[in-house]
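Here is a short briefing to read alongside the model. Keep the structure open and follow the residues as they come up.

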Amino acid sequence: MTPEQALDSAVRRWKAHVVDRGPTACWPWAGYINPDSGYGQLSMPPALTALGWPRTVTAPWFACRVAQGPPPTGGEVLHSCNVRDCCNPAHLRWGTRAENMQDRAKDGNQNTGKLTPDKVRSIRREFANRSTGKMVAYADLGAKYGISDDGVRRIIYGETWAWLE
């Protein structure tokens, strides 16, 4: 397999796991989510790893790499939408670790004191009620409680507020 064929194959696999909601909307990742990082993940074909691509990449990293080229040394993917599982290349750019941390703090993706234990329990309860047929989106809960979509997702998956029963 040539590098071009390998990249085409990887792009097709990536597209099969992305929910494309239009050019300006977030494109959530619907494939495998790494439980440690919370990011969508995919493996690269050997023809790409032979060219220096990592063996496994996050879905947003792959989108940014294909759209914008290789990352700068030490570069991280920054999301203008602050949605961790967004893979829309229009929402992604390369940046530094410092820029990423500044964005997180500025956009309320760290503990900003907006939530109380009762609010966190309500978020979990409302999300759990989706099994009754009423789908609740992270964005809806985030808007209701004044936090980001990713903040809701981290609560649901126990990445934050894990100590709270």
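In this predicted model, the side chains of Arg 97 and Glu 76 meet in a salt bridge, with 3.3 Å from N to O. Arg 97 belongs to helix 4 (residues 97-106) and Glu 76 to strand 3, so the pair ties together parts that are 21 residues apart in sequence. Arg 97 counts as partly exposed because its relative accessibility is 48%, whereas Glu 76 is buried.

- Which way do strand 3 and strand 4 pair, parallel or antiparallel? Strand 4 (residues 92-95) pairs with strand 3 in the antiparallel sense, over four bridges.
- Trp 94 of strand 4 is the bridge partner of Val 77.

**The loop between strand 3 and strand 4**

- Asn 82 sits in the loop between these two strands, and its phi is positive, about 60°, although it is not a glycine.
- For context, most residues other than glycine have a negative phi.
- Asn 82 counts as buried because its relative accessibility is 16%, and the cut-off for buried is under 20%.

- Are Asp 150 and Arg 84 buried or exposed? Both are buried.
- Asp 150 also forms a salt bridge with Arg 154, here with the closest N and O atoms 2.8 Å apart.
- Arg 154 and Asp 150 both lie in helix 7, four residues apart, which is about one turn of the helix.
- Arg 154 is buried, with a relative accessible area of 8%, and Asp 150 is buried at 6%.

**Helix 7 as a whole**

- Helix 7 is mostly covered, since six of its eight residues are buried.
- The buried residues of helix 7 are Asp 150, Gly 151, Val 152, Arg 153, Arg 154 and Ile 155.
- After helix 7 comes Gly 158, with a positive phi near 75°.

**The largest pocket**

- The largest pocket has a volume of about 620 Å³.
- There are 24 residues in its lining, and the closest to its centre are Arg 21, Pro 28, Trp 29, Asp 85 and Tyr 138.
- Helix 6 (138-145) and helix 7 (149-156) are the elements that give two or more residues to the lining of the largest pocket.
- Helix 7 gives the largest share of that lining, three residues.
- The lining of the largest pocket divides into 15 nonpolar, two polar and seven charged residues.

**Cysteines**

- How many disulfides does the structure hold? The structure holds zero disulfides.
- Cys 86 is in no disulfide, and the nearest cysteine sulfur, that of Cys 81, is 3.7 Å away; a disulfide would need the two sulfur atoms within 2.5 Å.
- Cys 86 counts as buried, at 0% relative accessibility.
- Cys 87 is in no disulfide either, and its nearest cysteine sulfur, that of Cys 86, is 6.5 Å away.
- Cys 87 likewise counts as buried, at 0% relative accessibility.

**The end of helix 3**

- Gln 68 lies in helix 3, which covers residues 59-68, and it counts as partly exposed at 39% relative accessibility.
- The C-alpha atoms of Gln 68 and Arg 93 are separated by 7.6 Å, while the two residues are 25 residues apart along the chain.

Methods:
Residues numbered from 1 in each chain as written. Predicted model: local features only at pLDDT ≥ 70, side-chain atom pairs only at ≥ 80, totals over all residues. Heavy atoms only, no water. Buried < 20%, exposed > 50% of the residue type's maximum accessible area, 1.4 Å probe, protein only. Pairing = 2+ DSSP bridges. 1 Å grid on protein atoms, 1.4 Å probe; cavity = no way out; pocket = protein on both sides within 12 Å on 5 of 7 lines; lining within 4 Å. Points joined across faces, edges and corners; volume = space filled by probe spheres on them. Nonpolar A, V, L, I, M, F, W, Y, C, P; charged D, E, K, R; others polar. Salt bridge = Lys/Arg side-chain N within 4 Å of Asp/Glu carboxyl O.
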